[in-house]
Amino acid sequence: MIKITDLEKFYRTDEVQTIAINKLSFEVKEGEFVSVMGPSGCGKSTLLNILGLLDDPDGGSYIFNGIEVAGFNERKRANLRKHNIGFVFQSFNLIDELSVFENVELPLIYTGVKPAERKERVHEVLEKMQIMHRRKHFPQQLSGGQQQRVAVARAVVNNPKLILADEPTGNLDSSNGNEVMDLLTELNAAGTTIIMVTHSEHDAKYSHRIIRMLDGQKVTENILAEYQH
Amino acid sequence: MFKIHLKSAWRNLWKSKFYNGLSLLGLSLGLCVAIFIAVWIKAELNYNKIGDSSHIYRVSSILSSGENSQTWGSSVGPVAYYAKTEIPEVENATRIMDFNGYRIFSTSSNKFEARGGAFIDPEFFNVFNLKFIDGNSSAPFSGNNSVIITKKAALKYFGTIEAMGKTIAADYKDNFTVTGIIEDIPKNSSLDYELFFPMLIFSENYDGTGYWKSMNSDWGNFNFVTYLKLQKDASEEKVIQKLTKIQQAKDPNAHLSGEKDSYYLQPIQQMNLYSYGGDPTRIKTVRIFGIVLVLILSIACINYVNLNTARSIQRAKEVSLRKLIGADRSQLFIQFIIESCIFFLLAIVLAMGLIYLLAPYFNQVAGKDIHFNFLEPELWGMIGVVFVSTLVASSIYPAVLLSSFKPLEAIKGNVITGVGAGTFRKVLVCLQFSFSVILIISTIIIGKQLDFITSKNPGYDRSQVLNFYMSSKMRSHKEAIVNQVENLPNIAGVSFSNSNIVNNGMTTGDTNWDGKDPQSDFIVHPIGINKDFIPMMKMQLLAGENFKGRAEDSLHFILNETAVKQAGIKNPIGKSFELWDTKGIITGVVKDFNFTSMKNQIQPAVMYYDPDPYRMYIKTTDGDISASMVAIEEIWNTYNPGFPFNYSFLDKQYETMYRDDIRTGKLFKIFSILAIFVSCLGLFGLSTYTAQLKKREIGIRKVLGASVAQITTLLSKDFLKLIAISCIIAIPVGWYLMQFWLQNFAYKTNLDWWVFAGAGILTLFIALLTISSQAIKAAITNPVKSLRTE
């Protein structure tokens, strides 16, 4: 599903150029659950942003679903993103002015889904995330775990092929964290590809494969024992 | 999608109550003032919009030429007559003349001061296409005792519009029967009369025995306002040429003196905005108000743009999230435009509330009678134009800026608000305060000019002088009246003139003196006075002596300085002078005095002795004159029973002459205060926001030892720099605008440097007060608190 080859990303200031991603290559197959780990500043988030079509690489190739997307302009990237990719963040990033229902409904609005279908799909996903009873509440009225469940609901409401999760349990206690990881596992089991950036070895164990990075490069790649064939 | 945009917009508005409240208040005030000004301008531009008035012109008479040329809005009787009968381009013509001479109009049950009456030719109704409710428009008058009244007058005099055949009595003796009722004429017009009498009454004054045999051959008396309705494709120039040719051929004096009189046809819709000769007068004020409208709206819009873009960082996260979950830029752009629409709708609703509340006050200050009928499509059209232009001007930039955030940076808090967004905001603040300073400068100069003309010595003492017109009946008891008045307490003097000294409109070219150039275009204002007038009015005699009240005074003339100068008479005392048919000598020269508005240069005046002038002037002393006023009224009632005591003080008459200018001054004062208030609202919002943004920096600086003064300076100096730049920009613009406005006046105040410096310092001071409150508040906050909350 995803194939990156010799991917590069630099950050430049007036005098200094920092290499964020340095000739990175790997592949993620459809239905896989991959964790990306590494110390702060190793390039994990940059990688996630490029994979999520939020940022453009400075070099190398990025093939998404068989299409070379490196070099796509913002409009093309946005279009591809809204139909194929869902995001889950550490800090939930819900829109405070919108209710739970409206937050989850938003991606469907942007992809032009009709109101009746929107309502049905939002209800369906909220039921699935066990947050239906909170649909009229606003994010500030929810606990961290509930907010992250809403964020996951929003990420999956469009049935994306890929979910990118950036430390999804970073702001949660262990029990809420486990619930979120269970949710992601269920989604993966249902066929959604997941790439997760995490510092947590515990969370990484939910995935099939762990890519470890340092200074913008891949240092190791472990397939967890139970998934080795 | 629209619904969710609405919800989101509403919640966003509610979330930032403080900043949005500031913006909303500024915008509503701006919109309210802009709509008031737009309505005011529209009323000025809609003057004389009566039926199809686009081909109707007033005939202005241009007397003589060169330096002494004068243009009058009145014309002689033959103009209308010959225009209609001999000029094919003229479709119709009518004359109108104030119906003076009566004091009271009464019916069997009501009596009113005789006002609002006019003599007209019967063609009047056709020229202006006035609709008859009752009566016959082609033969409106049945004879000399006939009157046509408006619907309003019918209600006023008879309490019903069923007034045909009823009688109105003038001064209890002359009866006029109502033979027609017409629809009301708009107040905003030169035809704002309510009773129309046949011109025939006036024309019968010509009985063939006088110098002028008939009204239609009287080329000497400019008694009428003449209106010509031209054919649709007619050339005004051609009509003027033909009128001039007719005057040269028919006017016997034109042959004698070779006078070069001419005409100007003024479109009637321009009568209030341009002089009789077509020079711009009030239109200048209208243009300046147009500029003020744009300035005030800009100030309000800038507040909105600045507060919105400055706080864009708070929206950055939301924008980024929306982008992440699929919104493209156009969707976000539309969202922000919808938010602006909601905000502006709210502002316009508030503005309309303000208009509703303030309309009576506005009408009072502006001297208008504008009804704000919110069911009127025209008002909505105007509100719509103001609304849409303001919305477009102030919503696009914030929407572009907000929708342009790069989601990654924004979500991490590294908002880059587009290249130069901060600079753009600074430019807007500069513009905003430049506009405010311009308005402050204008207010000070207008106030200074009004002070100048109202306090300038006009060459006579107008304080505590009341005057009134004496009917012939009263004049027959003049000596008794004077004796009684002089014996009242607090009366300093009594005198007479046949002219209104404050605003004398009478002129004549019928003068002569030894050595007068036959081609001379000398036009003079004749003022008939008695012997007490000059001393009582404290006019200064420069040479010769005053009238003595003897029979020989009837052959004596007192000229003003300008008359002597323009006539070119050297050593005038004792020299011969002729006015009308009276040949006499000059016995005095009086210092120049303003007997018309200070908008005009002082013109030549000749004072002649009139033993029986009809206007009585009474000067009172400083004490309480209420008892004397009651006594004067009693004297009036004794000698003029049944007529209301109709008097006025010269001071008031003088003020009335500058009424429009005083109103303009008042409106400017209000606009300036509002402009600076709205600007300061924006500045307050920005400074509050800056203080919030720099909370952490302030905390660190304080921990490192910065004083309150240093922190206050840190937060204020950038804003104050901007205000200083605004002053530098505004001063030359304000100077130019006021120079332009002062061209309306022949006598004008100086554009002193201190006005400009004062306006700048005042603005800086107000801005400093606005900013420093927030700066000081931030500076005295405990740094531990600000660092912790950060």
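**Note on a predicted model with chains A and B**

1. An open sheet in chain A contains four strands in the order E2-E1-E4-E5, with antiparallel pairing. The edge strands are E2 (17-28) and E5 (67-68) of chain A, each of which pairs on one side only. Strands here are DSSP runs of E with at least two residues, helices are runs of H or I with at least four, and both are numbered from the N terminus. Two strands pair if DSSP finds at least two bridges between them.

2. The model is predicted: local features need pLDDT of at least 70, side-chain atom pairs count only at pLDDT 80 or more, and totals for chains, interfaces and linings use all residues. Residues are numbered from 1 along each chain as its sequence is written, while chains are lettered from A and ligands numbered from 1 in the order in which they are written.

3. Within the sheet, strand E1 (residues 2-12) of chain A is joined to E2(A) by eight bridges in the antiparallel sense. Ile2(A) has Val28(A) of E2(A) opposite to it. Lys23(A) counts as partly exposed because it has 14 C-beta neighbours inside 10 Å. For this term, C-beta atoms are placed from the backbone, and a residue is buried with 20 or more other C-beta atoms within 10 Å of its own, exposed with 12 or fewer, and partly exposed in between.

4. Asn159(A) lies in the loop between helix H5 (144-156) and strand E7 (162-166) of chain A. Its 13 C-beta neighbours inside 10 Å are why Asn159(A) is classed as partly exposed.

5. Helices H3 (residues 100-110) and H4 (residues 115-128) of chain A pack with their axes 10 Å apart, at an angle of about 125°. H3(A) and H4(A) are therefore oblique to each other. From H3(A), the contact involves Phe101(A), Val104(A), Glu105(A) and Leu108(A), and from H4(A), Arg118(A), Arg121(A), Val122(A), Val125(A) and Leu126(A). Axes are lines fitted to C-alpha atoms, for helices over the stretch in contact, and angles run from 0 to 180 degrees between N-to-C directions. Angles under 35 degrees count as roughly parallel, over 145 as roughly antiparallel, 65 to 115 as roughly perpendicular and the rest as oblique. Two residues are in contact if their C-beta atoms, placed from the backbone, lie within 7 Å.

6. Chain B has 790 residues, of which 41% count as buried. Its secondary structure consists of 25 helices and 24 strands, and its C-alpha trace spans about 100 × 60 × 55 Å along the principal axes. Among contacts in chain B with a separation of 6 or more, 81% join residues 24 or more positions apart.

7. In chain B, helix H16 (residues 478-486) packs with helix H19 (residues 626-639) at an angle of about 165°, and their axes are 10 Å apart. H16(B) and H19(B) are therefore roughly antiparallel to each other. Ile481(B), Gln484(B) and Val485(B) of H16(B) meet Ile632(B), Ile635(B) and Tyr639(B) of H19(B).

8. Phe433(B) is part of helix H14 (residues 421-455) of chain B. Phe433(B) counts as buried because 32 C-beta neighbours lie inside 10 Å. Apart from neighbours within four places in sequence, Phe433(B) is in contact with Ser679(B), Leu722(B), Ile723(B), Ser726(B) and Thr763(B). The C-alpha atoms of Phe433(B) and Phe374(B), which are 59 residues apart along the chain, are separated by 33 Å.

9. An unreviewed UniProt entry lists "domain: ABC3 transporter permease C-terminal" for residues 291-404 and 670-783 of chain B. Residues 670-783 of chain B are 85% helix and 0% strand, with end C-alpha atoms 42 Å apart. The unreviewed entry also gives "transmembrane region" for several spans of chain B, including residues 332-359 and 379-402. Residues 332-359 of chain B are 100% helix and 0% strand, and their end C-alpha atoms lie 39 Å apart. For residues 379-402 of chain B, also 100% helix and 0% strand, the end C-alpha atoms lie 34 Å apart. UniProt positions follow the numbering used here, feature names are shortened, and annotations may be inferred rather than shown by experiment.

10. Between the chains, 19 residues of chain B are in contact with 19 residues of chain A. On the side of chain B that touches chain A, two or more residues come from each of helix H1 (2-15), helix H10 (312-324) and helix H13 (407-411) of chain B. H1(B) gives the largest share of that side, six residues.
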